[in-house]
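Here are my notes on this chain, point by point. Please read them with the model open.

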Amino acid sequence: MPDVSFVVIGDAAPESSESGASFFYLPRPFSSDSLIAIVKSATAGLLSDQS
């Protein structure tokens, strides 16, 4: 199974969030810069693992 990362966009932070590097939360409202930054963070480890 391939490694995956999740970016969750919502109005409020989840009450119980998954711990670990594969779960990223982005509160609304958000700017395009913050969306780009979190997607880069979420995919950073995934891209380096590909050959």
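**Notes on the chain**

1. Range of contacts. Among contacts in the chain between residues at least 6 apart in sequence, 20% join residues at least 24 apart. Contact here means heavy atoms within 4.5 Å.

2. Basis of the notes. This is a predicted model, in which local features need pLDDT of at least 70, side-chain atom pairs count only at pLDDT 80 or more, and totals for chains, interfaces and linings use all residues. Residues are numbered from 1 along each chain as its sequence is written, and side-chain values use heavy atoms, with hydrogens and water left out.

3. Confidence. The mean pLDDT of the chain is 78. Of its residues, 71% reach 70 or more. The term pLDDT is the predictor's confidence in each residue, from 0 to 100. Among the elements, S1 has the highest mean, 88, and H1 the lowest, 83. Where pLDDT is low, the predicted coordinates should not be read in detail.

4. Fold. The chain has 1 helix and 2 strands. Their order along the sequence is β-β-α. Helices (H or I, at least four residues) and strands (E, at least two) are DSSP runs, numbered from the N terminus. Strand S1 covers residues 6–10 and runs parallel to S2, with 5 bridges joining the two. Strands count as paired if DSSP finds at least two bridges between them.

5. Burial and surface. Buried residues make up 10% of the 51 residues. Buried means under 20% relative accessible area, exposed over 50%, and partly exposed in between (1.4 Å probe, protein chains only). The accessible surface of the chain comes to about 4100 Å². Carbon and sulfur atoms account for 57% of that surface. Areas come from the Shrake-Rupley method with a 1.4 Å probe; for residues, only the protein chains shown count as cover.

6. The two faces of S2. Phe-24 and Leu-26 form the covered face. Phe-23, Tyr-25 and Pro-27 form the uncovered one. Phe-24 is called buried because its relative accessible area is 17%. What does Phe-24 contact, leaving aside its neighbours within four places in sequence? Its partners are Ser-5, Phe-6, Val-7, Val-8, Ile-38, Ser-41 and Ala-42. From Phe-24 to Ser-5 the C-alpha distance is 7.6 Å, at 19 residues apart in sequence.

7. Gly-10. This residue is found in strand S1 and stands opposite Pro-27 in S2. Gly-10 counts as buried because its relative accessibility is 12%. Not counting residues up to four places away in sequence, Gly-10 touches Tyr-25, Leu-26, Pro-27 and Arg-28. The C-alpha atoms of Gly-10 and Leu-26 are separated by 6.7 Å. Those two residues are 16 apart along the chain.

8. The cis peptide. Please check the bond between Arg-28 and Pro-29: the peptide is cis, with omega about -10°. Pro-29 lies in the loop between S2 (23–27) and H1 (32–49). Is Pro-29 buried or exposed? Pro-29 counts as exposed, because its relative accessibility is 81%.

9. The salt bridge. The structure holds 1 salt bridge. Asp-11 and Arg-28 form it through their side chains, at 3.1 Å from N to O. The pair links distant parts of the chain, 17 residues apart: Asp-11 is in the loop between S1 and S2, Arg-28 in the loop between S2 and H1. The criterion is a side-chain nitrogen of Lys or Arg within 4 Å of a carboxyl oxygen of Asp or Glu. Asp-11 counts as exposed because its relative accessibility is 60%. Arg-28 is partly exposed, at 45%.

10. Ala-12. This residue is in the loop between S1 and S2. Ala-12 is exposed, with a relative accessible area of 58%. Ala-12 and Arg-28 are 16 residues apart in sequence and 7.8 Å apart in space, C-alpha to C-alpha.

11. Nonpolar patch. Val-7, Ile-9, Phe-30 and Val-39 make a nonpolar surface patch of about 280 Å². Patches are made of residues with over 30% relative accessible area and no salt bridge; like charges are joined within 9 Å, nonpolar side chains (Val, Leu, Ile, Met, Phe, Trp, Tyr) within 5 Å. Phe-30 is in the loop between S2 and H1. Phe-30 is partly exposed, with a relative accessible area of 33%.
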